[in-house]
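Subject: Structure handover

Hello,

Here is the structure you asked for.

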Amino acid sequence: MKTSWRSASIVASAVAVLALTTACGQEKADGAGAQNVGATVPAGGYGADAGGGYDVGSGGTQDGQAGGADAAGQAAEGAGKLAVSENAELGEVLTDNAGRTLYRFDQDTAEPPKTNCDGDCAAAWPPVLSDDASAGEGVDPSLLGEVTRPDGTKQLTVGGWPAYRYAKDAQPGDTNGQGVGGTWYALAPDGKKANTASDLPGLSTRKDPKLGEIVVDGNGMTVYRFMKDEAWPKPVSACVDACLDKWPVVAPVAVNDTKGVEKKGLMTFTRPDGAKQQTIDCWPIYTFAGDKAPGDTNGQGVGGTWYAVSPEGKPIGAPKE
């Protein structure tokens, strides 16, 4: 695994976090702690808001949220002996004993393990229970663990990441959940995302031919700022309710999980619904549901209020005030 951009020590990261926590009136920054994989920790969740993005023009229906008959009979259950399946597009994918694809959620955390998919989200993405899970051929048993969900059940973790199935996968081998909302990805056997050879940091930069140097998330998706938000004296998001259908928030990123992004003002804050959101230069950041692949910048200039973000947190191309 490429680790050059993660080479900073835990101590150095903690010092950096402490230096940033007072930048915008935030009392605590996320992402500095770590825990051994498999340790059981209390789970917290975003509730129904954690479904992982929405389809543009969906009329408020959550992308990936199984509705009606699609969700019928879907429930959390064990995985049995885990196996590795070869997918033509994704490469090696982790499956349960019935050949069903397992997934991970970007708004969860692995260090420490924590699930942020509950309520309606868990109906669309049933958690994989840990009670009967075992490592089959090609699966490292030391990577398997569990996390306690809000209802007290134990959910399987792989490399620290809570594991799920997707309600719309009807047959063994289906991977309909891959990339849903820009936050759901099939699990590779080592707990990483399947077919993500680039192994990007949580936040980094890339050179766009039209916009110049812009910030992207861990999936290579363009990051945006909303001109109606506030940063001082503390971050405030003006994107709520239906706005979040099209502009999912960027979940917390550890300071040492970034590359090329200005560290000052790199912090998280708590939204009114209890969800945590990442900021750059204290400004809340988002992705755009209309961007379907890394490199897309379809959100640039939308409504005259949404703009890609520079490494310093500035809105690229926004009219000067």
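Is Asp208 buried or exposed? Asp208 is buried, with a relative accessible area of 7% (buried means under 20% relative accessible area, exposed over 50%, partly exposed in between, with a 1.4 Å probe and protein chains only).

Before the rest, two notes on the source. This is a predicted model, in which local features need pLDDT of at least 70 and side-chain atom pairs count only at pLDDT 80 or more, while totals for chains, interfaces and linings use all residues. Residues are numbered from 1 along each chain as its sequence is written, and side-chain values use heavy atoms, with hydrogens and water left out.

Asp208

Asp208 lies in strand S13, residues 203-208. Strands here are DSSP runs of E with at least two residues, numbered from the N terminus. The Asp208 side chain comes to 2.9 Å from the backbone nitrogen of Leu211. That is a polar contact (a pair of N or O atoms within 3.5 Å; within protein, one must be able to donate a hydrogen and the other to accept it, and residues adjacent in sequence count only if both atoms are side-chain atoms). With neighbours within four places in sequence set aside, Asp208 is in contact (heavy atoms within 4.5 Å) with Ile214, Gly295 and Thr297.

Strand S10 (residues 154-158) is mostly covered, with four of its five residues buried. S10 pairs with strand S9 (residues 144-148) in the antiparallel sense over five bridges; two strands pair if DSSP finds at least two bridges between them. Within this pairing, Gly145 has Thr157 of S10 as its bridge partner. Five residues separate the strands in the S9 and S10 hairpin, where Gly152 takes a positive phi near 90°.

S10 also pairs with strand S11 (residues 161-162), again antiparallel, over two bridges. Here Val158 is opposite Trp161 in S11. This hairpin has two residues between the strands, and Gly159 takes a positive phi near 60°.

Two bridges link S17 (residues 276-280) to S18, and Thr279 is opposite Pro284 in S18.

Another open sheet of three strands runs S3-S2-S8, with mixed pairing. At its edges are S3 (91-95) and S8 (134-135), each pairing on one side only. S2 (residues 81-87) and S3 run antiparallel and are joined by five bridges; Ser85 has Val93 in S3 as its bridge partner.

Regards
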